[in-house]
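Student: I'd like to learn how to read disulfides in a model like this one. Could you walk me through it?

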Amino acid sequence: MGMLIIETIIWYSKTNQEKMATCKGTFTALLMCFALIKSTQADLCGNVIYSPAYKTCCNGVLSHEWKGSCCGTVAYDRAYKTCCDGVLSHEWKGSCCGTVAYDRAYKTCCNGVLSHEWKGSCCGTVAYDRAYKTCCNGVLNQEWGGSCCGTVAYDRAYNKCCNGVLNRTWERSCCGTVAYNPAFKRCCNGVLC
């Protein structure tokens, strides 16, 4: 005489979500299935019942070992790998630049573009070192200036920026866009007089 196979669908609630599980097997297997579902240590991955303490479910795909994190449908251990926008790197890097994993100690990511050297600062998508260059409103200047006048870097000790126009002079006051010395000239409504 053959064994009687029983199949039933069970609706249950776990963390305020309605879930459905299919239990199939002998009467003893069915009782074990009910007990597993009712315990707090069971969950559902697709239509498979599993224990999150021993396995990982990633978007409906069950991994047969516990990894703790998911990258798309792949389970992985964050201590050894990095997931960047759904792409799994097989080394731990700690940071992502788009879909590429990288180590911040050695590289710089600027708005999704990875520089293969550490520069520390970004000007748009270009990495640069602030000790040698200046970024002014998204334009990288090849020399260090310390200050910006529009998109141009300049040194305040030798130049004056007046309303976005760079004046290469020692004069310390502005009249409109022109630098001047108030000891010798006057500014009348934005015009030298």
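Tutor: A disulfide is a covalent bond between the sulfur atoms of two cysteines. To call one here, we ask for a pair of cysteine sulfur atoms within 2.5 Å. Keep in mind that this is a predicted model.

Student: How many disulfides does that rule give?

Tutor: It gives twelve disulfides. Take Cys58 and Cys70, joined with an S to S distance of 2.1 Å. Their link is left-handed, with -80° about the S-S bond. Cys58 sits in strand β5 and Cys70 in strand β7, twelve residues apart, and the pair links distant parts of the chain.

Student: Are those two cysteines buried or exposed, and where is the line for buried?

Tutor: Buried means under 20% relative accessible area. Cys58 is buried because its relative accessible area is 1%, whereas Cys70, at 35%, is partly exposed.

Student: Which hand does the link of Cys71 and Cys83 have?

Tutor: That link is right-handed, with 70° about the S-S bond. The disulfide has an S to S distance of 2.1 Å. Cys71 is buried at 4%, while Cys83 counts as partly exposed at 21%.

Student: What about Cys162 and Cys174: how far apart are their sulfur atoms?

Tutor: They are 2.0 Å apart and form a disulfide. The link is left-handed, at -80° about the S-S bond. Cys162 lies in strand β21 and Cys174 in strand β23, so the pair ties together parts that are twelve residues apart in sequence. Cys162 is buried at 0% relative accessibility, and Cys174 is partly exposed at 30%.

Key:
Residues are numbered from 1 along each chain as its sequence is written. This is a predicted model: local features need pLDDT of at least 70, side-chain atom pairs count only at pLDDT 80 or more; totals for chains, interfaces and linings use all residues. Side-chain values use heavy atoms; hydrogens and water are left out. Helices (H or I, at least four residues) and strands (E, at least two) are DSSP runs, numbered from the N terminus. Buried means under 20% relative accessible area, exposed over 50%, partly exposed in between (1.4 Å probe, protein chains only).
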